[in-house]
Amino acid sequence: MEWNPKTELGRKVASGEITDIDKIFADGLKISEPEIVDALLPNLESEIILIGGSGGKGGGIRRTIVRRTTRMHKSGRRYKTSAMVVVGNKDGYVGVGFADGQVSKTRELLEKCSKKAKLNLIPVMRGCGSWECRCGTPHSIPFAVDGKCGSVEVRLMPAPKGIGLCVSDEVKKLISLAGIKDVWCRTKGNTRTRINLIKAVFDALRKLNRFKVPEEYREKAGIRVGRE
Ligand SMILES: [Zn+2]
């Protein structure tokens with residue numbers, strides 16, 4: 001794919017001067033071209049979060065890729081669709097992209113979401129903070145962390161090896177793309193609005209990075225940030 005970088009950071013990545021994405025995060029630089037992420041993390045995968053859905057006949061919710069919303073306008077109804085995509089390498093990096101667009105252009109909309117997800121990419125702090133496990137490998141998270149979006153509050157908690165991801169299906173896509181294999185999750189609020197639920201979990205993952213972890217605990221819990 002042809003890429004003409006528009007930013008200084010983009011040019012440094014395209015020329016091979018920067019080859020490590022961790023340097024970008026360590027220097028606190030802003031990624032404003034999705035191609036930077038494509039170049040530095042070539043094995044990125046993506047998943048569509050099913051944020052749409054209506055109460056279908058016979059109970060249960062039929063989940064769909066796009067969420068359609070209607071608002072009234074003086075000339076009639078206006079329709080809008082929105083979608084959400086998660087990207088990650090299953091090894092310490094994940095991003096969430098949410099966007100809206102015109103009805104009937106789903107492919108373009110998903111492309112827009114995926115680009116946004118790359119620009120929102122974060123390194124994920126992994127480790128083993130489970131007192132039942134204490135294996136010192138990065139299969140879970142190093143400590144419990146809270147996240148919030150709208151009315152939704154979540155708490156992610158370290159789980160011992162083999163427990164798996166004790167979360168709902170859509171949250172599972174995000175957590176597994178981040179490279180976390182075992183975790184517990186407690187939720188509060190209106191978790192049926194999956195947009196806020198996913199954003200709250202992403203908020204929690206982002207908050208993990210803000211903790212200043214003492215060196216001795218880093219080693220004991222096998223903490224890794226990104227792929228360091
Ligand atoms: Zn463990």
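Visitor: How many residues sit between strand 9 and strand 10 in their hairpin?
Guide: There are 2 residues between them. One thing first: this is a predicted model. In the turn, G150 has a positive phi of about 60°.

Visitor: And do strands 9 and 10 pair in the parallel or the antiparallel sense?
Guide: Antiparallel, over 5 bridges. Strand 9 covers residues 145-149, and strand 10 covers residues 152-158.

Visitor: Which residue in strand 10 is the bridge partner of C149?
Guide: That is V152. V152 also belongs to the covered face of strand 10.

Visitor: What else is on that covered face?
Guide: V154, L156 and P158. The uncovered face has E153, R155 and M157.

Visitor: Which residue of strand 12 stands opposite L156?
Guide: C185 does. Strand 12, residues 183-188, pairs with strand 10 in the antiparallel sense over 6 bridges.

Visitor: New topic. Where is I198?
Guide: I198 lies in helix 6, which runs over residues 194-208.

Visitor: Why does I198 count as buried?
Guide: Because 24 other C-beta atoms lie within 10 Å of I198. The cut-off for buried is 20 or more.

Visitor: So which residues is I198 in contact with, leaving aside neighbours within four places in sequence?
Guide: I49, M84, V96, E170, V171 and L174.

Visitor: What separates the C-alpha atoms of I198 and K23?
Guide: A distance of 27 Å. Along the chain, I198 and K23 are 175 residues apart.

Key. Residues are numbered from 1 along each chain as its sequence is written. This is a predicted model: local features need pLDDT of at least 70, side-chain atom pairs count only at pLDDT 80 or more; totals for chains, interfaces and linings use all residues. Helices (H or I, at least four residues) and strands (E, at least two) are DSSP runs, numbered from the N terminus. A residue is buried if 20 or more other C-beta atoms lie within 10 Å of its own, exposed if 12 or fewer, and partly exposed in between; C-beta atoms are placed from the backbone. Two residues are in contact if their C-beta atoms, placed from the backbone, lie within 7 Å. Two strands pair if DSSP finds at least two bridges between them.
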